[in-house]
Amino acid sequence: MSFYIEAKNIVARYDDTEVLENVSLAAEKGSTCAVLGASGCGKSTLLKIIAGLKKATSGEVFIAGKKRDAKQNDIGFMPQNYGLLPWQTVRDNILLPWRIKGGKKKPPAENLDELIERLGIADVVERFPAELSGGQQQRVALARAFFFAPQLLLMDEPFSALDAITREDMQGVFLDLWKNRDITTILVTHDVEEAVVLGRQIVIMAKNPGRIDQSITNPLFGKPRDSAEFFEFCQGIRNRIKRTMTNRFNEGENLCE
């Protein structure tokens, strides 16, 4: 199988603490991968290493079969706080990555105004981030990511600060945009239901040190969340995460079996 993004044998040690131990993760082009795990398992560290924001002690990251190159690869990174510049308007924040590239990157077929209208933020484009609600800020961050159309989109718990109803709404907005663009996406989240809704592939990490416990092809991706099957699958993942915290699970146990 040919993968678009591959993190191979990633080891991260900081201040004599091993944060990640021989972590390998791969995703196909145009897919979504949700990374789950208990707090402190190194999810965000792994994402930042893939983005090039942190340096691994050893291991390599490949995009389209070549070593990641910050100058050649267009990587979008959405932090937990959305990463909006407070002194720039909504429109300027959306255009920022495109301007950083010198305006040389070809914009997507859908123009900016159409994207803004689609995301329901047309009436706030001249406002500043502090004047927006959390949901509006999230929509601006999504507009920026999808207008720039990166080869790889990395999202670090981007919906965690939103209330439950707004979070579900933003998950739907993300999927709607993603389906029309097929941007390869890796999403770090602590929310099991969010992982099942958004992740075509689900990766569960264990900690002390951080490592991959299990990688699952999600059988419920794109399916309604209001079914008994959805609830049972989510509960199985929760139980698996709990067992990684105490190492109380059978070797080879698989959630999909």
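The structure is a predicted model, in which local features need pLDDT of at least 70 and side-chain atom pairs count only at pLDDT 80 or more, whereas totals for chains, interfaces and linings use all residues. Residues are numbered from 1 along each chain as its sequence is written, and side-chain values use heavy atoms, with hydrogens and water left out.

**Figure 1. Helix α1 and its buried residues.** Helix α1 covers residues 43-51; here helices (H or I, at least four residues) and strands (E, at least two) are DSSP runs, numbered from the N terminus. Of its 9 residues, 7 are buried, so the helix is largely enclosed by the rest of the structure. Buried means under 20% relative accessible area, exposed means over 50%, and partly exposed lies in between (1.4 Å probe, protein chains only). The buried residues of α1 are K43, T45, L46, L47, I49, I50 and A51.

**Figure 2. The surroundings of L47.** L47, a residue of helix α1, is buried with a relative accessible area of 1%. When residues up to four places away in sequence are not counted, L47 touches F77, L154, M155, D156, I186 and V188, where contact means heavy atoms within 4.5 Å. The C-alpha atoms of L47 and F77 are separated by 9.0 Å, although these two residues are 30 residues apart along the chain.

**Figure 3. Strand β1 at K8.** K8 lies in strand β1, which spans residues 5-14, and K8 is partly exposed, with a relative accessible area of 37%. Not counting residues up to four places away in sequence, K8 touches V23, S24, G59, E60 and F62. K8 and F62 are 54 residues apart in sequence, while their C-alpha atoms are 8.0 Å apart in space.

**Figure 4. The two domains of the protein chain.** The domain assignment gives domain 1 (1-73 + 151-257) and domain 2 (81-149), with bounds that come from an automatic or database domain assignment. The C-alpha centres of domain 1 and domain 2 lie 25 Å apart, and 21 residues of domain 1 are in contact with 14 residues of domain 2.

**Figure 5. The loop between β6 and α2.** Two residues are picked out in this view. P79 lies in the loop between β6 and α2, and, leaving aside neighbours within four places in sequence, P79 is in contact with D156 and P158. The C-alpha atoms of P79 and V188 are separated by 10.0 Å, and these residues are 109 residues apart along the chain. Y82 lies in the loop between β6 (75-78) and α2 as well, and Y82 is buried, with a relative accessible area of 5%. The phi of Y82 is near 75°, a positive value in a residue other than glycine. Most residues other than glycine have a negative phi, and most peptide bonds are trans.

Figure 6. E157, which lies in the loop between β7 (152-156) and α5, has a positive phi of about 45° although it is not a glycine. At 12% relative accessibility, E157 counts as buried. P209 is found in the loop between β9 (201-206) and β10 (211-217), and the peptide bond from N208 to P209 is cis, with omega near -5°.

**Figure 7. Packing of helix α2.** Helix α2 covers residues 90-100, and its buried residues are V90, N93, I94, L95, L96 and P97. These buried residues pack against α3 (112-118) and α4.

**Figure 8. The pair of helices α4 and α5.** The axes of helix α4 (residues 134-148) and helix α5 (residues 164-179) come within 11 Å and cross at roughly 15°; such axes are lines fitted to C-alpha atoms, for helices over the stretch in contact, and angles run from 0 to 180 degrees between N-to-C directions. That angle makes α4 roughly parallel to α5, a term for angles under 35 degrees, with those over 145 counted as roughly antiparallel, 65 to 115 as roughly perpendicular and the rest as oblique. On the α4 side the contact is made by G135, Q138, R139, L142 and F146, and on the α5 side by T166, D169, M170, V173, F174, L177 and W178.
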